[in-house]
Amino acid sequence: MAKRAVLYLRSSKDRHDVSVESQRRELQRYVSSCGDILVDEFIDKVESAKTANRPAFQDMMAEVKSKQCRFTIIYCYDTSRFSRRMYDAQLYKHLLKKNDIELVFLKLPKSDPLMDSVLESLMEIFDEFHSQKSKMDGLRGMRENVQQGWRAGGRAPVGYCLEKTVVGSRDGEPVTKSKLIPDPKSFYLIKEYLKGVVNGIARMHLVRELGIDIPKTSLIYIEEGALTYAGHTVWNRHNECVDGKYKGGNRYRDRKDWVIQRDTHEAMISDEEAEAILSKREEERASRKRRRISIYLLTGIVTCRCGANFIGEGGYYRCQKRCGNRGIKKDTLEQIFIEMLFQNLFSPENIEAVKNSIEKKSRKSASKKITKEEELRKKLKSIEKEINGIVDLIQKVKHKRSLLTKLDSLEEERVVIESQMDKVDRSSVPLAINVNSKDIICFMENYKKTFHQINIERKKSMLNNCVGSAILDGNLLIITPKYEVITGMKSSSKAVEKVIR
Ligand SMILES: [Zn+2]
């Protein structure tokens with residue numbers, strides 16, 4: 001049966017990238033050779049191949065989740081066009097699968113299907129589906145607003161004020177949207193201040209010099225909004241806030257996730273000046289962070305036999321309560337600890353457990369598919385039986401009208417079930433797979449490699465994720481690992497012990 005298809009086209013201004021036109025040509029040819037019908041296309045033309053700003057992609061994913069989705073299959077030129085990061089790609093595939101949408105790449109990915117299935121089971125654990133979903137819904141409306149030059153909401157930043165315009169009415173009340181215009185009282189003052197910051201003049205000195213009556217934290221906030229003062233509207237800059245705490249402890253998202261609409265209002269400073277202010281703030285923040293972070297990896301992870309924490313101090317780890325348990329050299333404990341953990345992670349029993357767990361999962365989803373098919377087939381059979389009965393009856397009775405109505409509705413039902421069966425058939429529910437131990441080892445080796453490359457804070461959070469408990473009792477180190485987060489599997493982990501000399 002012909003499917004309703006859309007194309008996702010994306011190209012960057014990089015000279016070597018495949019142009020949108022030639023992607024379209026090749027894909028159109030391919031779609032018609034598959035016998036599918038094109039209903040639309042989504043195009044992102046971006047500045048550089050690395051940018052994360054893909055409005056058309058967001059629109060497409062929003063339609064995927066909507067009840068009025070017009071298509072059942074997406075054609076795309078290659079995997080990197082769909083998503084640059086492996087993890088993101090999995091997330092989107094997951095989302096499409098949940099909505100029964102097929103994804104086809106013209107140039108086949110070089111990925112390993114077994115690796116993909118390992119990642120896929122990880123996905124179920126890390127399921128970011130919901131947060132991703134609500135985020136996209138919110139962003140869409142905001143983006144439309146901003147693209148038309150309106151503010152996405154909120155107060156005017158210091159130096160500007162809001163100019164409201166009535167754009168329509170709802171329930172008799174006027175609907176207003178707003179734009180930023182210079183605030184005659186503070187525009188030039190803030191401009192002077194920002195120019196001073198660019199020129200390396202100390203914050204407090206500027207405050208005195210210019211007679212500014214603004215607290216330091218607000219000044220920092222102004223500096224962090226430098227792009228706004230360069231005349232652009234920036235959104236998606238603040239991180240999600242839950243219970244008064246920012247996700248990941250950072251007020252702002254990564255710069256690459258910001259969405260910037262250029263030249264929406266009068267600028268105080270140039271782009272270069274804004275960049276200078278931002279990188280200065282970045283430096284300030286980094287140096288504060290360096291001072292704050294403890295260099296002791298295992299503080300808060302290893303506990304003493306008396307139940308107190310082992311904490312780092314003067315190159316040693318010691319019991320916080322000084323119960324008499326001996327202290328141990330920082331480097332010695334850290335090295336042994338990590339070695340033990342990875343040795344256990346790579347142990348044959350653990351690999352075997354993960355392997356079994358993945359296979360079990362895939363068998364389960366395969367059998368789910370079969371049950372769904374059977375259920376639909378049964379329904380179809382009973383409807384067909386009913387239809388035949390009514391057809392027989394129609395030939396015998398005089399007043400056929402109500403029977404014909406019933407027949408119509410049964411026919412409709414039959415079509416629906418048939419299309420559901422069609423979907424089950426082509427939804428890419430994995431068949432039961434056999435996982436190779438080598439693939440798992442490869443996956444874990446990757447994990448280990450990553451571990452040695454990241455900073456101490458991330459190392460700490462990784463350890464927190466895979467250590468159930470760790471106790472130091474005299475010379476004896478006892479670690480009970482938990483590997484769910486690494487492997488996605490709830491394999492029970494036995495404690496491992498080692499005597500430290
Ligand atoms: Zn103790």
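**Exercise A: strand pairing**

Solution. Step 1. The terms come first. Helices (H or I, at least four residues) and strands (E, at least two) are DSSP runs, numbered from the N terminus, and two strands pair if DSSP finds at least two bridges between them. The model is a predicted one, in which local features need pLDDT of at least 70 and side-chain atom pairs count only at pLDDT 80 or more, while totals for chains, interfaces and linings use all residues. Residues are numbered from 1 along each chain as its sequence is written, and side-chain values use heavy atoms, with hydrogens and water left out.

Step 1. Cys304 has Leu472 in β15 as its bridge partner.

Step 2. Axes are lines fitted to C-alpha atoms, for helices over the stretch in contact, and angles run from 0 to 180 degrees between N-to-C directions.

**Exercise B: the zinc ion**

Task. Identify which residues coordinate the zinc ion, and explain why the arrangement is classed as it is.

Solution. Step 1. Donors are N, O and S atoms within 2.8 Å of the metal (3.2 Å for Na, K and Ca); water is not among the atoms, so sites may look incomplete. The zinc ion is coordinated by the SG atoms of Cys304, Cys306, Cys319 and Cys323, at 2.2 to 2.4 Å. Along the chain these donors follow the spacing C-x1-C-x12-C-x3-C.

Step 1. Four donors count as tetrahedral if all angles lie between 85 and 135 degrees; four count as square planar and six as octahedral if opposite donors are over 155 degrees apart and all others between 65 and 115; anything else is irregular. The 4 donor atoms subtend angles of 105 to 114 degrees, and the arrangement is therefore tetrahedral.

Step 2. Cys304 is buried because its relative accessible area is 2%, whereas Cys306, at 38%, counts as partly exposed.

**Exercise C: the parallel sheet**

Task. State the strand order of the sheet that contains β3, and describe how the faces of β3 are covered.

Solution. Step 1. The order is β2-β1-β3-β4, in an open sheet of 4 strands with parallel pairing. β2 (37–46) and β4 stand at the edges with a single partner strand each, so one side of each has no neighbour in the sheet. Direction ignored, neighbouring strands are turned by 20 degrees against each other on average.

Step 1. 9 bridges join β1 to β2, and Ser12 has Val46 in β2 as its bridge partner. Helix α1 (residues 20–33) packs on the sheet, touching β1, β2, β3 and β4, with its direction at about 155 degrees to that of β1.

Step 2. Strand β1 (residues 4–12) pairs with β3 over 4 bridges, where Val6 stands opposite Ile74. β3 also pairs with strand β4 (residues 102–105) over 4 bridges, and Cys76 stands opposite Phe105.

Step 3. In a regular strand the side chains alternate between the two faces of the sheet. Strand β3 (residues 73–76) has Ile73 and Tyr75 on one side and Ile74 and Cys76 on the other, all buried.

**Exercise D: two helices**

Task. Classify the crossing of helix α7 (residues 187–198) and helix α9 (residues 216–224).

Solution. Step 1. Their axes come within 11 Å and cross at roughly 80 degrees.

Step 1. Angles under 35 degrees count as roughly parallel, over 145 as roughly antiparallel, 65 to 115 as roughly perpendicular and the rest as oblique. Therefore α7 and α9 are roughly perpendicular to each other.

Step 2. On the α7 side Ile190, Tyr193, Leu194 and Val197 meet Leu219, Ile222 and Glu223 of α9.

Definitions and conventions:
Buried < 20%, exposed > 50% of the residue type's maximum accessible area, 1.4 Å probe, protein only. Contact = heavy atoms within 4.5 Å.
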